[in-house]
Number of protein chains: 2
Amino acid sequence: MADFFDPSPLKLDPVIRVRRLGSLHIGGRSARLSDLPTRQVSFSPGAPLMRLDPNGDFEIEQMYAQYVQLEQARSACPVLLMHGGGLSGVSYETTPDGRSGWQEFFLRAGYDVWTADAVERGRASWARSPEFFSGEPIFRSKQEAWELFRLGPAGSWHADPALRQPYKDTRFPVTAFDQFMKQSVPRWATNDAATAQAYAQLVRSRGPFVLIAHSQGCNFAFQMACALPDQVRAVVALEPSGFTPVSDEALGALRQIPHLFIWGDYLEQAHPMWSQVVPRLQGWRERLQAQGGVADEWNLPALGLRGNSHQLMMDDNSDVLAAAVHRWLVQRLGNSDGRRP
Amino acid sequence: MADFFDPSPLKLDPVIRVRRLGSLHIGGRSARLSDLPTRQVSFSPGAPLMRLDPNGDFEIEQMYAQYVQLEQARSACPVLLMHGGGLSGVSYETTPDGRSGWQEFFLRAGYDVWTADAVERGRASWARSPEFFSGEPIFRSKQEAWELFRLGPAGSWHADPALRQPYKDTRFPVTAFDQFMKQSVPRWATNDAATAQAYAQLVRSRGPFVLIAHSQGCNFAFQMACALPDQVRAVVALEPSGFTPVSDEALGALRQIPHLFIWGDYLEQAHPMWSQVVPRLQGWRERLQAQGGVADEWNLPALGLRGNSHQLMMDDNSDVLAAAVHRWLVQRLGNSDGRRP
């Protein structure tokens, strides 16, 4: 295990030589609203009221993916970065305290990198609610994020940054916590099926990918591996929060897809959600292994890395973790010196 | 004028040599919700109901900016790409029919490129409404976009793509119109002040910039030029839809900032909004000139370029237009062969 956390520096490109960068929207469908009443709207303060008809045809339930393709990738397979709930692909960009994020790391390590904004989040956009997105949007408060993402124990959050009491050894850049919260996006609890469908279209048409997923995003990564095993080369699950149950037979399709589960610190002491989540995910991992698949687990505190939060890709050792994931991919897929086929 | 549309190819880098790419959120403030009732939510189909408390502290009114910085920029000043209303920075990425967008063009032409998602749009996220964002979100229907963006005359839109009747010479990739509509994001009519404030923080802290703005975004570009003239090197206004009135004295600050206004086709025949907008903006441009400033105008049909839509950066001659803008910047700023200072 120590190998993966070898402190000797990796070969990272100081200049990223880009062949193409861009984006696309994928998935979703056309949908119609009718019979809603018109209303009067002023589009800027003091401007005259205009009649607004909310009816018509709309595109809904699409997702967004941004890609950076290298002149010469050193990995045979691009990574797809999948964010967690209430967040967007920004999770993998510059950290809240201004360090390079995982998107940049994997580019410098020689991978083409795709970054997703899942349905309803970020540049994917969102649709009228409750007509199209049923239920109400949910906004995560700072206190909930502080506790759920395990930056400090229950009761340690305070509106005044100077009075917050994070874990003494936390690796999250807590002085940039409010900056991090600017990345939050609202979520609905009702869009999982549409999200899985959009991801499937992306993975089917643009894969194969190495999936690197975080929290809620891991559920979609597991679903993609089950549904499209030929399009998924590996799954790296950063603190997965759930999975969609499948039969042992369906799980057998994942035998050829190495999985890696990574867990941070304070899983037992902090927010009670984790004491439910972790055993369930360990059960999932053991079922993968029982099928004969590779399903490795890194419990970071057990490996001597203390203080990692739920937001592993933003913690102060984010580069160490990214390098370890890269070394694991090289070992499991053996493609480090490969050229794009 | 013909010079700018010189068909001889520009020197564009086939490989974009990137020193740094990333993003940040900027602007906004912390705000508190209290006394809202709790409710019960199921976070996935069939899962048990959980109590959800919507109260707490939130970050609101921030914006998002993504940057790509070159190893060696050939322009002394980065461009900031500012999108229009109901859209996000995606406007400047890959076109809906899959061609390279303006973000990529200006990188290949040697500029560092920043791309904004203004307050409430895309990765900027949005805040609870009506508690924080007053009024209701507004969703633009396909029909409204088709007519307002001048892809065809009134009545030419149809839900069935095969039955739509675009202008025969339209340069918008109309077969990708539904794909384009996946880029739409909801908007509020009440966030202009917060948006201007966030843009000002970006331009003040990360400028100077060349501002390239589209439609509603031009209003914010004009405001930035007035408020922070030392941080704005030029303004390129793609079909501006409005401006915030200022005194002649305040306008004098813009004397040193060359402006370029670009207009597409069918401004008189199509959606009636344009017959109000164009004369107002011509008045604004003439006031700039009366102050002794450079305020050029390209009326594309008058220059022999027929069929351009409101979405100039997506039209089939988007590269020709980008190259012309680049040549104009070189002529007006004289920095084409300059190195980053």
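How many bridges join β11(A) to strand β12 of chain A, and do they run parallel or antiparallel? I found five bridges between β11(A) and β12(A) (residues 295–299), and the two strands run parallel. Before going on, I noted that this is a predicted model, where local features need pLDDT of at least 70, side-chain atom pairs count only at pLDDT 80 or more, and totals for chains, interfaces and linings use all residues. Residues are numbered from 1 along each chain as its sequence is written, and chains are lettered from A and ligands numbered from 1 in the order in which they are written.

**Entry 1: the strand and its partners**

My strands and helices are DSSP runs numbered from the N terminus (H or I, at least four residues, for helices; E, at least two, for strands). I call two strands paired if DSSP finds at least two bridges between them.

**Entry 2: buried or exposed?**

I counted a residue as buried if 20 or more other C-beta atoms lie within 10 Å of its own, exposed if 12 or fewer, and partly exposed in between, with C-beta atoms placed from the backbone. Five of the five residues of β11(A) (residues 259–263) are buried, so the strand is largely enclosed by the rest of the structure. A:His259, A:Phe261 and A:Trp263 point one way, while A:Leu260 and A:Ile262 point the other.

**Entry 3: where the chains meet**

I took residues as in contact if their C-beta atoms, placed from the backbone, lie within 7 Å. By that rule, 53 residues of chain B touch 53 residues of chain A. On the chain B side, β1(B) gives the largest share, nine residues.

What is the bridge partner of A:Arg17 in β1(B)? I found B:Arg17 there. Strand β1 (residues 16–26) of chain A and β1(B) pair in the antiparallel sense over three bridges.

Terms used: Two residues are in contact if their C-beta atoms, placed from the backbone, lie within 7 Å.
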